[in-house]
Amino acid sequence: HRPKLRSRIPINACVARPVPRKEQRTNTKARDAMKDEWQRLRKMGTWDDYVVLEWRDVARAARAKNEEVHFGYLLGLCFEKGSDLPDNRPDKKYKGRSVFQGDRVVNQNYEVALFQDLGSSPATLEASRACDAYGCAPGHATQIADAPAAYVQADLKGTPCWVHLPEDAWPDDPELRKKFEELDKPVVRLEKALYGHPDSGTYWEQHCDEHVRKVGFEPVGSEWPSCYFHDGLGLFLVIYVDDFKLSGPADKLPQGWDLIAKGLNIDKPKDVNGQTYLGCQQERWEVNLPGGGTAS
């Protein structure tokens with residue numbers, strides 16, 4: 001049993017201050033953070049600046065063809081991480097984030113859009129612990145890695161979705177920017193599963209599942225979602241959204257990560273000892289057994 005701290009919880013822990021729009025425009029660091037976010041999404045092909053159309057024209061064409069299309073907005077959010085820290089601390093910084101406004105989506109008839117409600121099945125905490133246990137076997141180890149901008153690595157499928165970009169997200173190229181300025185309400189086609197879209201989590205999970213199966217990881221079973229085992233390498237893989245955990249023979253782990261990285265963009269793997277996974281601090285040590293020998 002772990003007692004709750006209640007009143008002893010530190011009030012200023014994990015502070016990320018929302019940055020108001022006015023400050024985003026006037027503060028150089030905040031403005032640069034948002035610009036970096038827009039450029040990152042642009043480079044990943046989240047939308048195509050070269051195909052920019054008028055909102056009403058896309059809606060009119062869809063109605064004429066009796067087709068369903070969705071329209072939404074992208075929202076730029078800026079936060080100051082570690083806002084309670086002194087200004088000279090490196091972990092006090094501005095961070096930009098762009099999300100799809102899932103609560104403001106309409107179709108070609110300007111009615112509330114309906115989504116497929118596909119759902120997703122991330123791994124459980126029990127699966128993470130099972131992976132830890134497997135990594136404690138003799139000669140085994142456990143490593144973790146993150147997938148940066150995970151959802152945007154997957155294509156957005158289903159109903160075509162057009163989004164209206166905020167003006168600070170318009171391209172810097174003068175000719176392309178002129179196209180946006182000439183339109184009353186310019187929209188671009190959303191190509192990637194951006195955060196905030198109701199079906200993005202599912203498309204990312206399908207993207208992950210398809211790739212890890214392709215390189216030899218087979219699902220453990222329906223009762224263990226997002227858990228895989230590679231028979232040839234003896235590796236156990238657990239995926240929780242963008243957090244990957246891999247356990248098995250220590251000399252086989254590099255091969256396993258190389259297979260995963262062939263189709264997914266992931267950070268450099270780290271040994272699980274001293275790291276955090278699913279909010280749990282991971283520690284590993286050896287203990288002496290009463291009958292002799294040791295155990296991890």
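The buried residues of helix 4 (residues 125-135) are covered by elements that include strand 6, strand 10, strand 11, strand 12 and strand 14 (276-277). Buried here means under 20% relative accessible area, with exposed over 50% and partly exposed in between (1.4 Å probe, protein chains only), and contact means heavy atoms within 4.5 Å. Helices (H or I, at least four residues) and strands (E, at least two) are DSSP runs, numbered from the N terminus. This is a predicted model, where local features need pLDDT of at least 70 and side-chain atom pairs count only at pLDDT 80 or more, while totals for chains, interfaces and linings use all residues. Residues are numbered from 1 along each chain as its sequence is written, and side-chain values use heavy atoms, with hydrogens and water left out.

Which residues of helix 4 are buried? They are Ala 127, Ser 128, Cys 131, Asp 132 and Gly 135. These residues sit on the same side of helix 4, because they cover an arc of only 145 degrees around the axis; the arc is that of the directions from the helix axis to the C-beta atoms. An α-helix has 3.6 residues a turn, so residues three or four places apart point the same way.

Two strands pair if DSSP finds at least two bridges between them. Strand 9 and strand 10 (residues 224-230) are joined by three bridges, and Glu 218 stands opposite Phe 229 in strand 10.

Strand 6 is mostly covered, with five of its seven residues buried. Strand 6 pairs with strand 12 over seven bridges in the antiparallel sense, and Ala 141 has Gly 248 as its bridge partner in strand 12. Strand 6 also pairs with strand 13, over two bridges, where Gln 143 stands opposite Asp 271.
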